[in-house]
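Please look over the sequence and the structure below before reading on. The report then goes from the overall form to the details.

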Amino acid sequence: MPTDEVPADETFRGPAPRPLTICVFCGARPGLRAGDAETARRLGRLIGSRGHRLLYGGGGSGLMGEVAWSAQHHGAPITGVIPTFLFERERGIAAPPQDTVLTTTMGERKTALLTRADAFVALPGGFGTLDEVLEVISLNQLKVLAKPIVLVDADGFWERFVALVRDLAHWGFINPGFGPHCSVTDSAEDALRCLEAYATEAAGRVAVEAERR
Ligand SMILES: C/C(=C\CNc1ncnc2c1ncn2[C@@H]1O[C@H](COP(=O)(O)O)[C@@H](O)[C@H]1O)CO
């Protein structure tokens, strides 16, 4: 079981605006950089200590396992959405106690994650993580979805992805930037701050609109 020995964060003051269901995309493998596991544990800890729910791919391996165990250790309720074939394959890999949602296909799983989440955070990962991130960004762009996503660029993991997005705009395939719902931050702490601020702002907008009616 991954340990969770990260220092407490002193810079969050006051309660979170409301409990959010935060979907985390990250590697099913640990990767080779020790800092990534630490970032994953920090994120899990913050999700738990700020009173949010972790929604994720349901596995116990790699960075996914680090986030999930740390979130559980800090009191977060957890929902894991996993296709039956992966669930069977992963029986031997310990994942923390969670509400498990079984799906038939990977596509159904992605839809379930996208539907249930209030917001998304992406840590380093492989093709699965990239696929999930691109799905959220492109659905936001099509206005099929309007949910915030934050890429945690600890140690420059997303640097070349950000550069590619700049090139895509330069070459005329997309508008400049990631759109209104996507941000890049340096740390798990900034990612959480960003999502909580977004939720507060969105709640404010809804209240103003309700008053106008
Ligand atoms: C590779 C190994 C196990 C694979 N098991 C997975 N279990 C749960 N979810 C998974 C798994 N593999 C991919 N996912 C989903 O994609 C993302 C991670 O994929 P990546 O390619 O590692 O970036 C993750 O967010 C899941 O939703 C153990 O050897």
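## Overall form

A compact globule of 213 residues would have a radius of gyration near 17 Å, and the chain agrees with this because its own value is 17 Å. Taken along the principal axes, the C-alpha atoms fill a box of roughly 50 × 40 × 35 Å. Of the 213 residues in the chain, 38% are buried.

Among contacts between residues at least 6 apart in sequence, 75% join residues at least 24 apart.

## Confidence

This is a predicted model. The chain has a mean pLDDT of 91, and 92% of its residues reach 70 or more. Residues 1-6 have a pLDDT below 50, and in the model this stretch has 16 contacts beyond near neighbours in sequence. The ipTM and the pTM of the model are 0.91 and 0.91.

## Helices and strands

The chain contains 7 helices and 7 strands. Read along the sequence, their pattern is β-α-β-α-β-α-β-α-β-α-β-α-β-α.

## Around the ligand

The ligand has 19 residues around it, and those that come nearest are Gly57, Gly59, Gly125, Gly126 and Gly128. Which helix gives the largest share of this shell? That share, 4 residues, comes from helix α5, which covers residues 127-141.

By residue class, the shell around the ligand divides into 7 nonpolar, 9 polar and 3 charged residues.

## Ser61

Ser61 lies in the loop between strand β2 (53-56) and helix α2 (62-73). A residue counts as buried with 20 or more other C-beta atoms within 10 Å and as exposed with 12 or fewer. Ser61 has 17 C-beta neighbours inside 10 Å, so Ser61 counts as partly exposed.

What does Ser61 touch, leaving out residues up to four places away in sequence? The residues are Ala28, Arg29 and Ile93. Phe157 is 96 residues from Ser61 along the chain, and the C-alpha atoms of the two are separated by 20 Å.

## Summary

The model is predicted, with a mean pLDDT of 91 for the chain. The radius of gyration of the chain agrees with the value for a compact globule. Helix α5 contributes 4 residues to the shell around the ligand, and Gly57 and Gly59 are among the residues that come nearest to the ligand. Ser61, in the loop between β2 and α2, is partly exposed.

Methods: Residues are numbered from 1 along each chain as its sequence is written. This is a predicted model: local features need pLDDT of at least 70, side-chain atom pairs count only at pLDDT 80 or more; totals for chains, interfaces and linings use all residues. pLDDT is the predictor's confidence in each residue, from 0 to 100. Two residues are in contact if their C-beta atoms, placed from the backbone, lie within 7 Å. Helices (H or I, at least four residues) and strands (E, at least two) are DSSP runs, numbered from the N terminus. The radius of gyration is taken over C-alpha atoms; the globule rule is 2.2 Å times the number of residues to the power 0.38. A residue is near a molecule or strand if its C-beta atom, placed from the backbone, lies within 6 Å of it. Ala, Val, Leu, Ile, Met, Phe, Trp, Tyr, Cys and Pro count as nonpolar, Asp, Glu, Lys and Arg as charged, and the others, Gly among them, as polar.
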